[in-house]
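Dear colleague,

I am passing on the structure below, and my notes on what was found in it follow directly after.

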Amino acid sequence: MNKVTFKQRVTAEIPFLLAVPAVLWQILFFYIPLLFIIALSFIYIIDCQKFALTLQAYRELLQPIYSYIIIRSVLLALTVSLLCLVIGFPIAYYIGLKKRSLKNIFLSFLILPFWTNLLVHVYAWFFVLEKNGFFNNILLYLGIIKSPLSILNSLTAVILVMFYCYLPFMILPLVSILEKIDTRLVEASLDLGATHRQTFFKVILPLSFPGLQTGFLLVFVPAFGEFVIPLLLGGDKYMYVGTLISHYFLVTQNTSVGTAFTIGSSFILLCSAFITYIIFKKLISLQR
Amino acid sequence: MNNLYESLSTYYLPIFVATCYLFLYIPIIVLVIFSFNSVAFPYHWVSFSWQWYQELFHSLEIWHAFKNSLIVAFSSVFLSISLGLLFTFYGAQQKLRRLTPLFYGSLLIPEIVIAVSLLSLFTFFSIPLGLITLIVGHTLLGLGYVIPILSARFSELDVSVIEASLDLGATLHQTFFRIIIPLMSPALIASSLLVFIISFDDFLISFFCAGTSAQTLSLYIFAMIRTGVSPTINALSTLLLLLSSVFVLVFCSLKTKIRIF
């Protein structure tokens with residue numbers, strides 16, 4: 001008698017229908033809305049009655065102001081990701097080499113911000129950086145500055161807080177890659193006469209590229225569309241992709257240009273993500 | 001090998017890491033300390049008091065927002081876990097495995113795009129915005145985490161245990177409920193906690209899809225920050241931090257080997 005495996009029995013006895021709710025939910029509330037706004041972006045409403053299928057909304061996007069906003073967001077996201085990468089790598093390196101129990105302590109202190117409301121962090125920085133706040137008081141007390149600095153509502157504040165909020169996203173994937181590195185490779189490199197510096201740059205760093213790649217994307221994608229931090233800490237000086245999208249949908253209700261802008265900027269985001277992916281892939285394959 | 005680690009990590013690295021952790025925690029510590037300050041002008045320490053916590057507990061608006069957040073979070077957990085479980089079980093069929101990448105989409109696209117597209121769908125079909133639309137959005141976010149976690153755990157299960165149960169005459173349903181669910185319970189608890197906190201802390205989807213009637217805790221804090229600094233928000237933030245710490249403790253003690261990334 002042939003033994004019937006678990007998979008065969010599941011396939012034979014369980015109706016396909018039971019997997020459908022999750023798939024349906026995802027299609028109905030994720031893929032259809034996405035297609036829907038893509039469709040909306042091609043419809044240009046002339047007045048209440050008439051609308052036309054045009055590229056008008058996209059033509060409006062060709063105005064330089066929109067490219068400035070997109071470029072500004074790309075630069076912001078890039079700055080934040082690179083900052084996270086440069087600062088995050090040594091931390092991940094340090095944690096990745098710790099013993100298990102210590103590693104868990106370090107990691108849980110890193111996860112805690114991820115599990116806390118983003119607004120709590122934004123508020124904490126708001127509180128610390130205020131003109132009469134903690135940071136200025138300390139600097140005044142130490143005599144480093146004579147009058148309080150206004151750090152809030154500046155690009156510095158936005159970059160600082162975004163760096164703060166996204167740092168764990170860079171460190172966590174890096175740690176999980178670094179701890180998997182086969183220590184024998186490191187030993188072999190050292191035994192064969194490589195210096196510590198060479199071992200780091202020729203063995204450890206290349207092996208951690210996949211983690212860097214994941215971390216970079218995990219920071220870059222949300223940083224590009226970031227909305228809360230520029231809104232609350234950046235003042236009204238600069239528009240970013242996230243703030244402009246919300247402006248279109250909540251304030252002006254101009255859906256055709258709003259959706260076109262959303263689609264256009266998402267497209268740019270996908271392209272930049274793809275370019276980083278290619279760069280990292282090149283880097284990885286160069287090492288082999 | 002020790003030489004390498006020692007030489008790199010003797011002095012500079014620990015100091016660097018300590019500085020970074022300080023950087024991560026100084027704002028939070030300052031926030032918590034000043035929630036116990038006794039004056040309304042919140043930048044100078046005067047004396048210890050509980051008054052902002054008392055004020056917090058007497059505010060009806062906050063309780064209302066808290067209730068809404070809880071309703072949304074619990075419903076999203078329930079929905080995304082049950083949908084995810086059903087999908088995972090019946091995903092044991094080989095052909096369904098290929099559908100799993102479908103759920104990664106919501107992690108690859110900025111949340112603001114998801115929020116905006118849901119909003120346009122809801123307004124186009126004139127679905128009233130409120131708690132229901134919030135639950136829909138949060139369940140979607142949750143599925144993006146639940147399905148990868150559960151299907152990873154499911155594929156790690158020891159098939160021989162499952163087949164032993166089947167060989168010994170248990171039906172497929174008995175095997176699911178008596179063998180598979182208990183084996184998967186740490187992953188189930190972990191992903192429930194994750195979805196709960198994602199929904200509870202979510203701001204973007206709530207901001208776009210809640211409409212004017214449904215105030216959640218995140219939206220309440222947002223509105224408060226826009227009006228300025230107040231020690232009641234410090235108190236509220238402290239309590240939220242406490243809640244998150246409990247969640248992280250439970251999550252880390254589950255020993256599920258689940259890493260969020």
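In chain A, 69% of the contacts with a separation of 6 or more are between residues 24 or more positions apart, a contact meaning heavy atoms within 4.5 Å. This is a predicted model, in which local features need pLDDT of at least 70 and side-chain atom pairs count only at pLDDT 80 or more, while totals for chains, interfaces and linings use all residues. Residues are numbered from 1 along each chain as its sequence is written, chains are lettered from A and ligands numbered from 1 in the order in which they are written, and side-chain values use heavy atoms, with hydrogens and water left out.

Of the 288 residues in chain A, 52% are buried (buried means under 20% relative accessible area, exposed over 50% and partly exposed in between, with a 1.4 Å probe and protein chains only).

Over all chains, the search of the whole structure finds 43 aromatic pairs; rings of Phe, Tyr and Trp (its six-membered ring) pair if their centres lie within 6.5 Å, and planes under 30 degrees apart count as stacked, over 60 as edge-to-face and the rest as tilted. One of these pairs, A:Phe109 with B:Tyr25, is edge-to-face, at 5.7 Å centre to centre and 85° between the planes. A:Phe109 is partly exposed at 42% relative accessibility, whereas B:Tyr25 is buried at 13%. Another edge-to-face pair is that of B:Phe48 and B:Trp50, with 5.6 Å centre to centre and 90° between the planes, and here B:Phe48 is partly exposed at 49% relative accessibility.
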